[in-house]
Amino acid sequence: MGFTKPPVQALKAANKVKRKELFVAHKKASGKERREERHRRRKEENRDPELKAARLAKNVPRTLEHKRVWDDVDDDSLGAVVDLEQLKRRRIEQAEAEERAAVEAAEKMDEDDDDNDSMLDSDEEADEDEEAREARLEKQREKRARRNPSIAPSTTSTNLDLTPISLALKFPSLFSDEPPPEPKILVTTSLNSTLHDEAQLICTLFPNSTYIPRSSHRYGYKYSLREICKFSAQKDYTAVVLMKEDLKKPTGLSIVHLPKGPTFHFSISNWIEGKKLPGHGNPTNHYPELLLNNFKTPLGLLTAKLFQTMFPPRPEFEGRQVVALHNQRDFIFVRRFRYAFRDKRATEKSVTDVEGKALEGVEGIRAGLQELGPRFTLKLRRVDKGVGRAGSEGEDATQWEWKSKMEKDRKRFNL
C-alpha cells in the first residue's frame, strides 16, 4: 500500500507526537505534489513555449508601481504629477484627430460644391473619388502606426527630450541650447562638521570635484552658503555640494547649480561606505557612465537634469564604471558599479539577444557588477529658485517643497 497524504483534519489530533508525525507527512506530501506539478508544467512548456509566455504574462505581481495613479489634467507644470510621455502621446493623438476632422470637413464641403455645380458626374468618377479618399486615409493610418525604434532598451530609462517648454523657460540655466560647460564641483560641509571622510567619498563620486572644509575656529570667519557660491562662480565652478550631518552621520545634501541656482535639498538615509560593502572594489579616476532611471514627471525630469549636469557627457569606457540613480517611490537610490567580465561556467547560459538567440562572439563570456560605493538613498525635500532659501526672492522663491500630506495616498508619487 502506497503512501497517502493525511487529511487536514488529522493535523488536529490530540496526541502531540502523533500530530507532529502527521504534520511532517503532510508537509512532505505537499512538497511532492508541487514538485510533480512543476515537472509536468515544465514538460508541457518545453513542447509548447507559448504556454510559458502566457503563464508569465498572467503572473505579473501587482505592486505599488503598477497601481500608480496620475493627475488627470493636461498640465506640465512643476507640481503636476503627470507622465510626460503619456501626455505627449495624448496631445499628438488629439492633434492628429483634429487634423483628420478638418480634412474630412474640407472634403465634404468640396463634394457639396461639386454637387451644386454639376449634377452630371458619372458614377465611375464618384467611385474613383471614394477610392482615393480611402487610400489617403489608409496611408495616414499606416503613418500613425509606424513608430521609430527606441534608442534605449531599458523601459525605465529617463528621456530628457520630453522636457516641457514651461520648465525650460523657468530654469534656463539648466535647460540651455548651448552645450553645458565641463562640470567643476566644490564640495563642502556645514559648520563644525566631522564629515571629512564622507566628503572625500562624495568627491570620488562626482568627477572634477574639490573638497574644501569650512573653518570652525572660534575666531575664523563663518562664510554663508551664498558667499561660498559667489566665490565658486568666480572660480568657474558649476555646482556646490553642501553636506549636512547629525550625530556624526550624513543626513542631508544641498546642491546649488551655479551661478544663480536653482538649489535642491535632499535628505540622506542608509549611508554605507564602499569599504563596508562585501566584495567591493576600488574606484578609479575614469569618468563614469550615468544611468537615470524612472524619472517621469516634470519635477523628476528637473532632478534628473541637475544630476546630468554634474557628470561629464563623455564617459571613459575603459574604466568600466557606471553611476546609477534609480528613482522608486520618490526615493533615489545612488549606486556605483564596475563592469566585471569573466569566463562562462559550464552550468551557465550564454548571453542572448531580445529574441533569445545566443550572441555571436560572446558565447564564452559573462558580465557582472562589482559595487564600488558609497551606497546611499536620497529623497527630494525642497527646490529653491535661487541660491538657497535666503537667496531666493519673489512669490515663487520656493518652487516645490515636500509636505507630509503628499504621502497620504500611497499610490501617488512626485518624481
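So, tyrosine 223: it counts as partly exposed, because its relative accessibility is 49%. For the cut-offs, buried is under 20% relative accessible area, exposed is over 50%, and partly exposed is in between, with a 1.4 Å probe and protein chains only. Bear in mind that this is a predicted model, where local features need pLDDT of at least 70, side-chain atom pairs count only at pLDDT 80 or more, and totals for chains, interfaces and linings use all residues. Residues are numbered from 1 along each chain as its sequence is written, and side-chain values use heavy atoms, leaving out hydrogens and water.

Okay, aromatics. The structure holds five aromatic pairs. Tyrosine 223 pairs with tyrosine 221: the ring centres are 4.7 Å apart and the planes sit at 80°, so that's edge-to-face. The rule is that rings of Phe, Tyr and Trp (its six-membered ring) pair if their centres lie within 6.5 Å; planes under 30 degrees apart are stacked, over 60 edge-to-face, and the rest tilted. Tryptophan 271 and phenylalanine 376 give us a stacked one, 5.2 Å centre to centre with 25° between the planes. Tryptophan 271 is in strand E5 (residues 263-272) and phenylalanine 376 in strand E10 (residues 375-384), so this pair ties together parts 105 residues apart in sequence. Helices (H or I, at least four residues) and strands (E, at least two) are DSSP runs, numbered from the N terminus. Tryptophan 271 and phenylalanine 376 are both buried. There's also one aromatic cluster formed by Phe264, Phe266 and Phe307.

On to charges. We have 17 salt bridges, meaning a side-chain nitrogen of Lys or Arg within 4 Å of a carboxyl oxygen of Asp or Glu. In helix H1, glutamate 44 and arginine 40 lie four residues apart, about one turn of the helix, and their side chains meet in a salt bridge at 2.8 Å, N to O.

Then look at arginine 375, which bridges to glutamate 371 with the closest N and O atoms 2.7 Å apart. Is glutamate 371 buried or exposed? Buried, because its relative accessible area is 14%. Arginine 375 has 24%, so that one is partly exposed.

Last one: arginine 366 and glutamate 348 form a salt bridge, with 3.8 Å between the closest N and O atoms. That pair links distant parts of the chain, with arginine 366 in strand E9 (residues 365-371) and glutamate 348 in the loop between strand E8 (331-343) and E9, 18 residues apart. Both belong to a salt-bridge network that links Arg342, Arg345, Glu348 and Arg366.
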